[in-house]
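Here's a quick tour for anyone meeting this structure for the first time. Have a look at the sequence and the model, then read on.

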Amino acid sequence: MTLWQHLLSTLTTTTKTLLNPYPKLPIYYSLFFSHHFSTSFLITKTPKKFKKKRKKKESPRTKLVQTQPNLIPHLENILHRDAHFRFLTKTKEYLSKQPQQVLLLDDAGKLHQQLGFPRGRKVLKFIQNHPLIFDVYRHTDNKMWVGFSGFMEGLLVEEREIMDRMEVARVDVVRKLLMMSVNKRIPLSKIYHNRLLFGIPEDFRDRVGKFPEYFKVVIEEDGKRVLELVKWDPFLAVSALEKEFMIDEDKAKKVFKFAVKHGKALELDEDDERKLNMLNTLPLVSPYSDGSKFDLWTLEAEKYRVGLIHEFLNLTLEKRAYIHNIVEFKEEFSLTKHTYQMLLKQPRTFYLAGTEMNWCVFFKDAYGEDGVLINKDPQLVFNEKLYRCAEIKEFESSDDGSKK
């Protein structure tokens, strides 16, 4: 056999083997089994139901600030109460500023942000959740309107009386805010946006004119109205912490902790380490000092900022504030973007609740173990009364069938 014949024979045998790997079967069966789709009937991928679900990474919008065992349920529940009554509080504020304190129902359905209800939901459902507070009626124009009930109008009169009675105390709060600010001046709009935090009345911008010995309104080139302090009062420039220091020095010393950075080689016992840390804690820096003069990252600057937040919370009705309340005064109070981390380092005094994106800081000593404020402002007592009334779903009837 020549070389050429040998090569031809080998090639023919190889081709037959490739075309028909199973020589005992007809070639069309072999082609079927050798096709690259021949194993398509087998499960080659893990079904979805058997796959391990990847745990979604929590975003700052949903991630809670606190976790067990640091969670304080009573304080967290206060934030749930805020969310529960958001429609009530925002609608009350919005309606109060409307002509005749009424609003066209069709218009109300478009004001989800102003009235505090989710986009796409029916506003009527939220109104009907508070029948003792809001009324829906058909006017002579044959359109549906929403307004306050007669019962609620009586409550609003009661609230105005409280605000008139507390006017001097609220004036002192605004004075102290101005005294803590860098240039002793704050835009009127910022105080107005945060008025509910301090119990300041809605018409306070008109009321400041009654106190020319304390305030002056300056109109800047861009038209912004700014409230300026007229006279410094040394008696007001004493923080709540400084007063506490004079009454109970030991307790005041434990409010904050500014730990000294040192190596483990010191081998200090607990008592010695406490004394060393105390050297950094004292002396205190008054929140009524000029915070802009401190170098940004020094210990004195941090003492100032922590003390300022402490005093700021003491001026609020509920001894707490949300991030948006604090950020509003960032420039005036020389605060930094690291306020969140700064407060987390002071768990003895502050409790941060909610989520990392929308947190609320509490002054812990102002609350009892049950999460109830120890001392309540008259405005706060009224607010709690309003919440109770808002939860009543039906009018209670007396024996003669009349509404109470």
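## What you're looking at

This is a predicted model, where local features need pLDDT of at least 70, side-chain atom pairs count only at pLDDT 80 or more, and totals for chains, interfaces and linings use all residues. Numbering starts from 1 along each chain as its sequence is written, and side-chain values use heavy atoms, leaving out hydrogens and water.

## Around I133

I133 sits in the loop between α7 (123-128) and β2 (134-138). Helices (H or I, at least four residues) and strands (E, at least two) are DSSP runs, numbered from the N terminus. With 0% relative accessibility, I133 is buried.

Leaving aside residues up to four places away in sequence, I133 touches L88, G147, F148, S149, M152, L386, C389 and A390; a contact means heavy atoms within 4.5 Å. L88 is 45 residues from I133 along the chain, and their C-alpha atoms are 8.6 Å apart.

## Helix α9

Helix α9 covers residues 167-180, 14 residues in total, and spans 20 Å from first C-alpha to last, close to the expected 20 Å. That expected span is 1.5 Å times one less than the number of residues.

Eleven of the 14 residues of α9 are buried, so the helix is largely enclosed by the rest of the structure. Among them are E167, R170, R175 and K176, along with V171 and L177.

Notes: Buried < 20%, exposed > 50% of the residue type's maximum accessible area, 1.4 Å probe, protein only.
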